[in-house]
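Here is a short briefing on charged side chains. Please look over the sequence and the model first.

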Amino acid sequence: LFRSASSYKRKIEDDDEDEEYDSEMDDFIDDEGEDQDEISKHIREIFGYDRTKYKDESDYALRTMESSWREQQKEEARSLRLGVQEDLEEMKREEEELKRKHKQQAKKLKSR
């Protein structure tokens, strides 16, 4: 009536037997041969990271990326200035666009 516990266990197959050649994997990138410093160099080139920019920062500050209240306020003020400047530029562009459209409409009415 009752089956033994061993009969319910699944047979675990060896992973080596399941490996088959997959042609889609021919162009798969394998980084095993590349040195970590070489990889880091490529990443710095791509993103423009300059390590010397942070040379005066302590290791702790770099690890935790903490900033002081003064630094945060300075960044907030800078962001506010840039935001206001961008808003003013956008408003100016919109006004110029409206003027241009009004001139075009005026020309159309005069030409009729």
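Arg100 is partly exposed, because its relative accessibility is 40% (buried is under 20%, exposed over 50%, partly exposed in between; 1.4 Å probe, protein chains only). The side chains of Arg100 and Glu97 meet in a salt bridge, 2.4 Å from N to O (a side-chain nitrogen of Lys or Arg within 4 Å of a carboxyl oxygen of Asp or Glu). This is a predicted model: local features need pLDDT of at least 70, side-chain atom pairs need 80 or more, and totals for chains, interfaces and linings use all residues. Residues are numbered from 1 along each chain as its sequence is written, and side-chain values use heavy atoms, without hydrogens and water.

**Salt bridges**
- The whole structure holds three salt bridges.
- Arg100 and Glu97 sit three residues apart in helix α5, about one helical turn (helices are DSSP runs of H or I, at least four residues, numbered from the N terminus).
- Glu97 is partly exposed at 32% relative accessibility.
- Arg93 bridges to Glu90, with the closest N and O atoms 2.6 Å apart.
- Arg93 has a relative accessible area of 47%, and Glu90 has 35%.
- Arg78 and Glu75 form a salt bridge at 4.0 Å, N to O.
- Both Arg78 and Glu75 lie in α5, residues 69-111.

**Helix α3**
- Glu38 lies in helix α3, residues 36-47.
- Glu38 is partly exposed, at 34% relative accessibility.
- Gly48 follows α3 and has a positive phi, near 70 degrees.

Methods:
Helix = DSSP H or I, 4+ residues; strand = E, 2+ residues; numbered from the N terminus.
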